[in-house]
Amino acid sequence: MSLRSRINTPEENGSRGEDGHLVASYRAKLLEEIDLAEMSSLAAAERRARLERVLGHIISREGPVLSTVERSQLIRRVVDEALGLGILEPLLEDASITEIMVNGPDAIFVERGGRVEQLPLRFPSHDQLMQTIERIVSTVNRRVDESNPMVDARLPSGERVNVIIPPLSLTGAILTIRRFPRSFTLQELAGFGSLDDHMLYLLAGLVQARFNIIVSGATGTGKTTLLNALSGLIPDTDRIITIEDSAELQLQQRHVVRLESRPPNVEGQGRVTIRDLVRNSLRMRPDRIVVGEVRGGESLDMLQAMSTGHDGSLATVHANSAEDALMRLKTLAAMSEVEIPFEALHDQINSAIDVIIQLTRFADGVRRITEIALLDSHGSEPYRIATVARFNAQPMAADGRVHGRFEYFPIPRRTADRLYMASQPTPQAFGVAQSADQLATRVAR
Ligand SMILES: Nc1ncnc2c1ncn2[C@@H]1O[C@H](COP(=O)(O)OP(=O)(O)O)[C@@H](O)[C@H]1O
Ligand SMILES: [Mg+2]
């Protein structure tokens, strides 16, 4: 049954009223009859099948008059609630939903096709919501309670889950489930209008010619998705090490090493940070280091690696523009315990970073590359950011879509030479700047 038809069926409208009672009472009966210890030894699919069978017997025995459809709906809902994630189960099954947001028991929102909508669903009570949350976080051996009111975890199936409960949240328990992002090729992203073919060829060349690339954007703008697509262009002969907080990248190359950081356990021990992993990766003879998201002191290690021979590395950072990304890398690098003056960090960024790709999610839900910029400065010079591609948006049209077009600017001679040396031609749409004044540059500190 599709999600839409489920939520449009009155019985499926949350577990309120009489119907909710029926579900709750059968759920209690079911839990009485099953052997929990035996249940836990079964695989998930078997467990569900077993519960459905037992419940089928209970219903037949009790004999309420139900049509076949009603009966299977009831069984499904009771079993969902008994072992699954209740009303979240069908949402999790729906591939078109990319994010599930539960704001307390009464408000459930989902993101679909880049748009957020509220569903006519609710949890029967705050306790039920808390039970569901506990069930989710316990699958990854975490717990959530007043002394531990925030949890960020990844489910075995890949979804990322964030929980924050009162008293930190003033609107009840909040659950945010981010689906495991589907991976797309750069071609597919171009098909969505996120970039065009000229930009695609330029980016492919930059990756293959081992430029160090930073993907910048706010949460949910598609950084990880683009990082994955770009990483897909790394030659199969390179040894690639990916480093992430929660492993989302899905690289198809033969020689990929995947590392994932680890939060501390309940006793506060055993934590392994992105930074530890970046440092360790340098001793693993990487050809390419791909950092899922730079959000702490690892910025320093990454910049050092990038500027000392580990070129061709890729990373994302949470920032709203190219200059913001540079500033953020600097601030994060300064967060490491190594005392490095800001000026030294500035030099390091100038020598480490080659390309910044800015992503923006527009009001119509489309995620676009809004800028491809090259960092064209050296040493202690102020940052010189040369725009080579830009999305020029028009005000939103009556149809609710954002129209606009990509614009191209000449690329710096130095970049063109480097591409040429790597047998990567510069796409003609851009052209090569003959002098500095042909570049679309801006300066930042
Ligand atoms: N260019 C795109 N076009 C359409 N959907 C996209 C695009 N990029 C990402 N998405 C979708 O948007 C969601 C968020 O993407 P993600 O890469 O995880 O963002 P971020 O890493 O910036 O938080 C995912 O569901 C992903 O599949
Ligand atoms: Mg991401």
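How are helix 11 and helix 12 oriented to each other? The points below take up this pair first, then the remaining features.

1. Basis of the note. The model is predicted: local features need pLDDT of at least 70, side-chain atom pairs count only at pLDDT 80 or more, and totals for chains, interfaces and linings use all residues. Residues are numbered from 1 along each chain as its sequence is written, while chains are lettered from A and ligands numbered from 1 in the order in which they are written.

2. Helix 11 and helix 12. Helix 11 covers residues 274-281; helices (H or I, at least four residues) and strands (E, at least two) are DSSP runs, numbered from the N terminus. The packing angle between helix 11 and helix 12 is about 20 degrees, and their axes are 8 Å apart. Axes are lines fitted to C-alpha atoms, for helices over the stretch in contact, and angles run from 0 to 180 degrees between N-to-C directions. Helix 11 and helix 12 are therefore roughly parallel to each other; angles under 35 degrees count as roughly parallel, over 145 as roughly antiparallel, 65 to 115 as roughly perpendicular and the rest as oblique. The crossing is left-handed, a term used if the near helix is turned anticlockwise from the far one by less than a right angle, with right-handed used if clockwise.

3. Residues of that contact. Ile274, Arg275, Val278 and Arg279 of helix 11 meet Glu298, Asp301 and Met302 of helix 12, where contact requires C-beta atoms, placed from the backbone, to lie within 7 Å. This contact has three nonpolar, no polar and four charged residues. Ala, Val, Leu, Ile, Met, Phe, Trp, Tyr, Cys and Pro count as nonpolar, Asp, Glu, Lys and Arg as charged, and the others, Gly among them, as polar.

4. Helix 12 and helix 14. The axes of helix 12 (residues 298-307) and helix 14 (residues 342-352) come within 8 Å and cross at roughly 50 degrees. The two helices are therefore oblique to each other, and their crossing is left-handed. Leu303, Gln304, Met306 and Ser307 of helix 12 make the contact with Gln348, Ile349, Ser351 and Ala352 of helix 14. By class, these residues divide into four nonpolar, four polar and no charged.

5. Helix 13 and helix 14. Helix 13 (residues 322-334) packs on helix 14 at an angle of about 130 degrees, with the axes 10 Å apart. That makes helix 13 oblique to helix 14, and the crossing is right-handed. On the helix 13 side are Leu326, Leu329, Lys330, Ala333 and Ala334; they meet Phe342, Leu345, His346 and Ile349 of helix 14. The contact has seven nonpolar, one polar and one charged residues.

6. Ligand 1. Ligand 1 is surrounded by 15 residues, of which the closest are Thr98, Gly222, Lys223, Thr224 and Thr225; a residue counts as near a molecule if its C-beta atom, placed from the backbone, lies within 6 Å of it. Helix 10 (residues 223-231) gives the most to this shell, with three residues. The shell has three nonpolar, nine polar and three charged residues.

7. Domains. The assignment gives domain 1 (1-83), domain 2 (85-180) and domain 3 (186-444), with bounds from an automatic or database domain assignment. The C-alpha centres of domain 2 and domain 3 lie 31 Å apart. Their contact takes six residues from domain 2 and five residues from domain 3. On the domain 2 side, the residues divide into one nonpolar, two polar and three charged.

8. Backbone points to inspect. Pro166 and Pro167 are joined by a cis peptide bond, with omega about 10 degrees. Pro167 lies in the loop between strand 5 (160-164) and strand 6 (174-178). Arg210, although not a glycine, has a positive phi of about 65 degrees. Arg210 is placed in the loop between helix 9 (197-208) and strand 7 (213-217).

Key. Contact = placed C-beta atoms within 7 Å.
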